[in-house]
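Dear colleague,

I am handing over the structure we spoke of, and below it you will find my notes on what turned up in it. Please read them with the coordinates open beside you.

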Amino acid sequence: MELKDNKRVLEKMRAFDRYISEHGGVGTAPRGLLLNYSNACNFKCQQCFTESPGKPFCGTLSLDDIRKLADEADELGMYEILIEGGEPLVCKELYDIINIFGSDRFYIEMTSNGYLLTRQIAEKLKQAGMSRVSISLDSTKPEIHDGYRGVKGAYDHALKALKNAKDAGMQASVNFLVGHYNIHSGEVEEIAEFCQEHDYHFSLVLAVPTGNWKGKFDVMLTSEDAAYLESLRGKYKHFWRDIWPPLPNKKVQISGCIAVNRPYINPYGDVLPCSYLHMKLGNIKEQPLKEIMEYGFSYPYFSEQHYCCYAGEDVRFMKQYCMHDMSILEPIDIKEVLNNRGENNND
């Protein structure tokens, strides 16, 4: 189903866009979910924020849990589901998960390293209801990309995966990890040109000091780095980062950090504000999603507008709150993280 024909998804997207126009940013509008059903992976990426495959592969989520989650997300008006890992293509329940969420209710996306994305798999994903596949690409140079990913030939497979996704009728996107360490290497614009030439979308993913890069604050963007990305925003088609509005919006230049607006679900059902803030808000097997999100928004850090990415740009926040012994699979209760360090919620 094409997005233009999907009335339910478009209705929810436009409602979200109206909200941010009226409120000057994301505020407390539910947007979507990031789901890590299984942390299994076929790569050994040096920058991995989930520490896969060194952490346990599977959790305790069931497909029944996913059915309940999908219904609750739809009722909240969420319009997008991003399936992550690990590597989603090594998860045997992937197609069941896609079918449960359903392309009639959600815009379904997947982040992949692309190594297993053959033409046949791409066609199967499209038939199941996948709308967009984002392939991680770390460099225009094969040896650099392969070095980051820990697998020889990863670069060539990534390029083939992008073509296979596009040929199957899905939106193909490049996820480029950008930080202070590489932002002025020239590769941001090189990959932007590559994407424009092939009609791929280009999503900027910020380097963060968590996971395998825990404590590496020097990879985070500076304000000057962020300004440089802003300067490229109008130059390239389909050039995007997640603090920018998902739809063209003349009233809102920056919609802001979407922590809690698009929460992260780990393989045990724990709900985190986002992929990189390893604080536990609740568990979907124990509480309704609506209740968990309301609790998350009770903390001013997440209910008030924040116009940069906490994990990728706010060094003070990350040093103060995110350097505990915490991870995707072992998050710390948010009360222990924020309240014990001087942050209070509205209870």
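**Cavities**

Tyr37, Ser38, Ile83, Glu84, Pro88, Cys91, Leu94 and Ile97 line the second largest cavity, where a cavity is a set of points, on a 1 Å grid over the protein atoms alone, at which a 1.4 Å probe fits but cannot get out, and lining residues have an atom within 4 Å of a point. Before going further, please note that this is a predicted model, in which local features need pLDDT of at least 70 and side-chain atom pairs count only at pLDDT 80 or more, while totals for chains, interfaces and linings use all residues. Residues are numbered from 1 along each chain as its sequence is written, and side-chain values use heavy atoms, with hydrogens and water left out.

The second largest cavity holds about 40 Å³ of space, a volume being the space filled by probe spheres set on the grid points, which are joined across faces, edges and corners. Its lining comprises six nonpolar, one polar and one charged residues, with Ala, Val, Leu, Ile, Met, Phe, Trp, Tyr, Cys and Pro counted as nonpolar, Asp, Glu, Lys and Arg as charged, and the others, Gly among them, as polar.

**Salt bridges**

A search of the whole structure gives 19 salt bridges, each being a side-chain nitrogen of Lys or Arg within 4 Å of a carboxyl oxygen of Asp or Glu. One of them pairs Glu72 with Lys68, with the closest N and O atoms 3.0 Å apart; these two residues are separated by about one helical turn, because they stand four residues apart in helix H2 (residues 63-75). Glu72 is buried at a relative accessible area of 15%, whereas Lys68 is partly exposed at 36%, where buried means under 20% relative accessible area, exposed over 50% and partly exposed in between (1.4 Å probe, protein chains only).

Glu93 forms a salt bridge with Lys92, their closest N and O atoms being 2.7 Å apart; Glu93 counts as buried at 17% relative accessibility, while Lys92 is exposed at 71%.

In a further salt bridge, the closest N and O atoms of Arg149 and Asp138 are 2.6 Å apart. This pair links distant parts of the chain, with Arg149 in helix H5 (residues 142-149) and Asp138, eleven residues apart from it, in the loop between strand E4 (132-136) and H5. Both Arg149 and Asp138 are buried. Elsewhere, salt bridges link Arg8, Glu11, Lys12, Asp71, Asp74 and Arg105 in a network.

**Two buried polar side chains**

His145, also placed in helix H5, is buried with a relative accessible area of 1%, and a polar atom of its side chain lies 3.0 Å from the backbone nitrogen of Asp138. Its contacts (heavy atoms within 4.5 Å), not counting residues up to four places away in sequence, are Ser136, Leu137, Asp138, Ser139, Ala154, Tyr155 and Ala158.

Ser203 sits in strand E6 (residues 201-206) and counts as buried at 6% relative accessibility. Its side chain makes a polar contact of 2.8 Å with the side chain of Arg132, a polar contact being a pair of N or O atoms within 3.5 Å, of which, within protein, one must be able to donate a hydrogen and the other to accept it, while residues adjacent in sequence count only if both atoms are side-chain atoms.

**Backbone geometry to check**

Most residues other than glycine have a negative phi, and most peptide bonds are trans. Gly85 and Gly86 are joined by a cis peptide bond, with omega about 15 degrees. His238, which is not a glycine, has a positive phi of about 55 degrees, and Val260, not a glycine either, has one of about 80 degrees. His238 is partly exposed at 30% relative accessibility, whereas Val260 is buried at 0%.

Notes:
1 Å grid on protein atoms, 1.4 Å probe; cavity = no way out; pocket = protein on both sides within 12 Å on 5 of 7 lines; lining within 4 Å.
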